[in-house]
Amino acid sequence: MRKQLGWICAAALITAATIGPAAANHTCQNSGTFERWLQGFKQEAAAAGMSPATISAALDGVVYDPNVIRRDHGQGVFQQSFLQFSARMTEPGRFQTGLRQMKNNAALFARIEQQFGVPPAVIAGFWGLESDYGAYKGNIWPIIRAVATLAYDCRRSEFFRTQLMDALRIVQRGDLRPDEMIGNWAGELGPTQFTPSDYFKHGVDFDGDGRVDMVRSLPDALASAASLMKSFGWQRGQPWLQEVRVPTQLPWEQADLAIQHPRSQWVAWGVKSAHGQPLPADNMPASLLLPMGRNGPAFLAYPNFQAYLKWNAAMVYATTAAYFAARLDGAPVVGQGNAPVTVLTTEQVKELQQLLRAHKLYDGEVDGRIGSATRPSVKKAQLKVGLPADSYPSPELIERLRAGR
């Protein structure tokens, strides 16, 4: 949703995470014309307190854009492992540019951290992933036209009606003129690719010019990202993600973001730091994150990691963003894990979802995507058939479910 071709893998993941699979109705039919719908929305905006001048400036002349709908409906399922995705998104050039940007803007980052408690590496990581440090502009899409089109379309109308109303609030507050609201086809804008609602609610006038301008003001854009992370529960001075090594034997069912143990318990189970220094056996709560199962890379995810999932609920994106921030903060390149990992194809994932349904372990959509709805079902299936319950699907799990074991 936020990227051009170079970021197409992130695009499919982000849209699903932002809107939510349950909210996307793929079989609905629009009723009435766009023009009639827009007139009704203008009345709704007036009732919500938008001035006639704001409504006229933002919505007069807005037309339905079929190209936006083609983009939205044309998104396919994209399946990449964490190692594939993270290698592409955090390639050496982007990493080196991030270090350089942190150095060049050190005073700005220091002010942001002082006010919001979010470290420079975390904000620089999002800046790099979302827009390649501002190089990506979102294909120069008029935001209000795009969001109005998606609000009219029946698939996710409720979500985008809210976005459109908040876009009008941005105009009414004096932050941006409608013609300045240029960005992504799905309504995101600025170096950190904010939705209109996040922009309106969490945008910060950090340069002190009297308005929130995340399109042209770098201080506003980066401070707003910190403001958003703070709203997601970010805790000052706390870690977010740490690479570890796991033993060959572990109570794998405990490897779950919904389960936390003190670091001392993970140490007792044989979890070690990935890079030599001792893992403190203290009471710091942590979850064991295995993005590619027990044989792939392993991390301790601390409470601050939850803020990444609120920024973007797609696990592979959230893990990559947190890992990239750790790299910018000084961590080494992630290891490959303990053994090769087979990554299922989209068709294999669909078959797995169908098998999980047949075994009454899954009632979600058969979409070929291993997401937050599928992974808990995979864990249940692994426990049922006697496989290590690391929540990561494998060909062996498919075979056992086929056999009915």
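## A walk through a predicted protein chain

The protein chain has an accessible surface of about 17,100 Å², and 51% of that area belongs to carbon and sulfur atoms. Areas of this kind come from the Shrake-Rupley method with a 1.4 Å probe, and for residues only the protein chains shown count as cover. Before we go on, please note that this is a predicted model, in which local features need pLDDT of at least 70 and side-chain atom pairs count only at pLDDT 80 or more, while totals for chains, interfaces and linings use all residues. Residues are numbered from 1 along each chain as its sequence is written, and side-chain values use heavy atoms, with hydrogens and water left out.

**The overall picture**

The C-alpha trace spans about 65 × 55 × 35 Å along its principal axes. For 405 residues, a compact globule would have a radius of gyration near 22 Å, and the chain agrees with its 22 Å. That radius is taken over C-alpha atoms, and the globule rule is 2.2 Å times the number of residues to the power 0.38. Of the 405 residues, 53% count as buried. Buried means under 20% relative accessible area, exposed means over 50%, and partly exposed lies in between (1.4 Å probe, protein chains only). Among contacts (heavy atoms within 4.5 Å) between residues at least 6 apart in sequence, 68% join residues at least 24 apart.

The secondary structure comes to 18 helices and 7 strands. Helices (H or I, at least four residues) and strands (E, at least two) are DSSP runs, numbered from the N terminus.

**Salt bridges**

A search of the whole structure finds 22 salt bridges. In a salt bridge, a side-chain nitrogen of Lys or Arg lies within 4 Å of a carboxyl oxygen of Asp or Glu. Here are some of them:

| Arginine | Partner | Closest N and O atoms |
|---|---|---|
| Arginine 155 | Aspartate 72 | 3.1 Å |
| Arginine 211 | Glutamate 180 | 3.7 Å |
| Arginine 400 | Glutamate 396 | 3.0 Å |

Arginine 155 forms a salt bridge with aspartate 72. This pair links distant parts of the chain, 83 residues apart: arginine 155 is in the loop between α9 (143-152) and α10 (157-173), and aspartate 72 is in helix α4 (residues 66-73). Both arginine 155 and aspartate 72 are buried.

Arginine 211 forms a salt bridge with glutamate 180. These two also link distant parts of the chain, 31 residues apart, with arginine 211 in the loop between α11 (196-202) and α12 (218-231) and glutamate 180 in the loop between α10 and β2 (182-183). Arginine 211 is partly exposed at 24% relative accessible area, whereas glutamate 180 is buried at 10%. Both belong to a network of salt bridges that links Arg177, Asp179, Glu180, Arg211, Asp213 and Arg216.

Arginine 400 and glutamate 396 sit in helix α18 (residues 395-403), 4 residues apart, about one turn of the helix. Arginine 400 counts as buried because its relative accessibility is 19%, while glutamate 396 is partly exposed at 37%.

**Strand β7 and its partners**

Which strands pair with β7? Strand β3 (residues 241-245) is joined to β7 by 4 bridges and runs antiparallel to it. Strand β6 (residues 285-289) is joined to β7 by 3 bridges, again antiparallel. Two strands pair if DSSP finds at least two bridges between them. Leucine 300 in β7 is the bridge partner of glutamine 242, and phenylalanine 299 in β7 stands opposite leucine 289.

In a regular strand the side chains alternate between the two faces of the sheet. In β7 (residues 298-301), Ala298 and Leu300 point one way, Phe299 and Ala301 point the other way, and all are buried.
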